[in-house]
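Trainee: I would like to learn how to read a fold step by step. Could you walk me through one, please?

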Amino acid sequence: MSEQVNDFFSWSWFMPETLQSYDWANLWALNLLWLIPLLLLIRKFVKFLKKPVLELSLPKQVRQSNPWIILRFIPTFFFFLSLVLIIIALARPQRSNERVEQFTEGIDIMLVMDISESMDLQDFKPNRLEAAKNTAIDFINGRFGDRIGMVVFAGEAYSLAPLTNDYELLTDLIETISFDMMEAKGTAIGSAIASATNRMKESESVSKVIILLSDGESNAGNVDPLFAANLASALEIKLYTIAVGKDGMVPYGTDFFGRPQMVESYLDESTLREIAKIGNGEFFRASDGNALQSIFDRIDTLEKAEIEENRYKETADYYRVYLFWAIVAFFGWFILKNSFLNNFLLD
């Protein structure tokens, strides 16, 4: 209590930065400040109309300008100061401290990424794999409350990361993905889906999603892609498939003279489309980096968990400080106006 009383006597209450920091519950009341200059003008006008009629004969030295006569304005100053402080108190200066808590049940998402040699083709910049990695990282950083895992595959599948909320760790692992992680050549799409499904089989999430990204036809592994898709669907896992790359001639490296070399690229869309259909998801075709980003943005909107917010707002009123000083100023005026400082002939 003593600290609160001591706070009343701080000059900081009247600093411009303090007044600017407030939220005003009754902002309209501050417009009443314009009435104070109007009162001063009315007071001056009334004095002008009611000129003193009492003539006094005073010594010459008294009639000369005397700096001490400004003391008679002190009571008036206290009166108008009390009016200003009353108006500030009436406007109810406040400060609010708002706390927001967000929570969601979240979605379980497994990213399944092809790292076969064909992902080194350069119709994406700098190549298909690096473009896919960067887009996946952006996707992860845009999620909230979801558990995300990672499977990479070439001729075989490898679970890079289990379902986790540690997005920083996950993005660090994605940045380490390279073509030399696996010796087995080829594209084992079925094995990759089966590995991701195995990671999610015990998940109790309200929504489970696999996002498969590949640029080739399934030609390796010991699991049929459509069988793996049906297994995922049976576990209520939704499948999104993304076909990466262009058909036809695409750049790959340079020749002896530094000119781009062209190689033929073929992409099996039919299998990826069928996988998405079985998994109640969607198939997408990405022909460049911008399209790939748009696809991930589209999936991001389709698979958003509902985020609930609890807001806690604590509001502190400070009108008591200004009302206290308004009362002090008013009593100061009341005492001084009956003292020698008042000019009873003019005031």
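Mentor: Gladly. Let us start with a helix pair: α6 and α11 cross in a right-handed manner. Keep in mind that this is a predicted model.

Trainee: Which residues of α6 and α11 make the contact?

Mentor: From α6 come Ala131, Ala132, Thr135, Ala136, Asp138 and Phe139, and α11 brings Leu292, Gln293, Phe296, Ile299 and Asp300. By type, this contact has seven nonpolar, two polar and two charged residues.

Trainee: How do I describe such a packing in general?

Mentor: For two packed helices, one gives the angle between the axes and the distance between them. Here helix α6, residues 128–141, and helix α11, residues 289–302, have axes that come within 10 Å and cross at roughly 30°. That angle makes α6 roughly parallel to α11.

Trainee: Let me try another pair. At what angle do α9 and α10 pack?

Mentor: Helix α9 (residues 225–234) packs against helix α10 (residues 269–278) at about 20°, and their axes are 9 Å apart. Angles under 35 degrees count as roughly parallel, and α9 and α10 are therefore roughly parallel to each other. The crossing of α9 with α10 is right-handed. On the α9 side, Pro225, Leu226, Ala229, Asn230 and Ser233 take part, facing Thr271, Glu274, Ile275 and Ile278 of α10. Those residues divide into five nonpolar, three polar and one charged.

Trainee: Now the sheet. In what order do its six strands lie?

Mentor: The general idea is that strands of a sheet pair through backbone hydrogen bonds, either parallel or antiparallel. In this open sheet the order is β5-β4-β3-β6-β7-β10, with mixed pairing. At the edges are β5 (157–164) and β10 (283–286), each of which pairs on one side only. On average, neighbouring strands are turned by 15° against each other, direction ignored.

Trainee: Does β4 run parallel or antiparallel to β3?

Mentor: Parallel: seven bridges join β4 to β3, residues 108–114.

Trainee: How many residues of β4 are buried?

Mentor: Six of the seven residues of β4 (147–153) are buried, so the strand counts as mostly covered, with buried meaning under 20% relative accessible area. For the whole protein chain of 347 residues, 38% count as buried.

Trainee: What share of contacts in the protein chain joins residues at least 24 apart?

Mentor: Among contacts between residues at least 6 apart in sequence, 81% do. The protein chain comes to 12 helices and 11 strands.

Terms used:
Residues are numbered from 1 along each chain as its sequence is written. This is a predicted model: local features need pLDDT of at least 70, side-chain atom pairs count only at pLDDT 80 or more; totals for chains, interfaces and linings use all residues. Side-chain values use heavy atoms; hydrogens and water are left out. Axes are lines fitted to C-alpha atoms, for helices over the stretch in contact, and angles run from 0 to 180 degrees between N-to-C directions. Helices (H or I, at least four residues) and strands (E, at least two) are DSSP runs, numbered from the N terminus. Angles under 35 degrees count as roughly parallel, over 145 as roughly antiparallel, 65 to 115 as roughly perpendicular and the rest as oblique. A crossing is left-handed if the near helix is turned anticlockwise from the far one by less than a right angle, and right-handed if clockwise. Contact means heavy atoms within 4.5 Å. Ala, Val, Leu, Ile, Met, Phe, Trp, Tyr, Cys and Pro count as nonpolar, Asp, Glu, Lys and Arg as charged, and the others, Gly among them, as polar. Buried means under 20% relative accessible area, exposed over 50%, partly exposed in between (1.4 Å probe, protein chains only). Two strands pair if DSSP finds at least two bridges between them.
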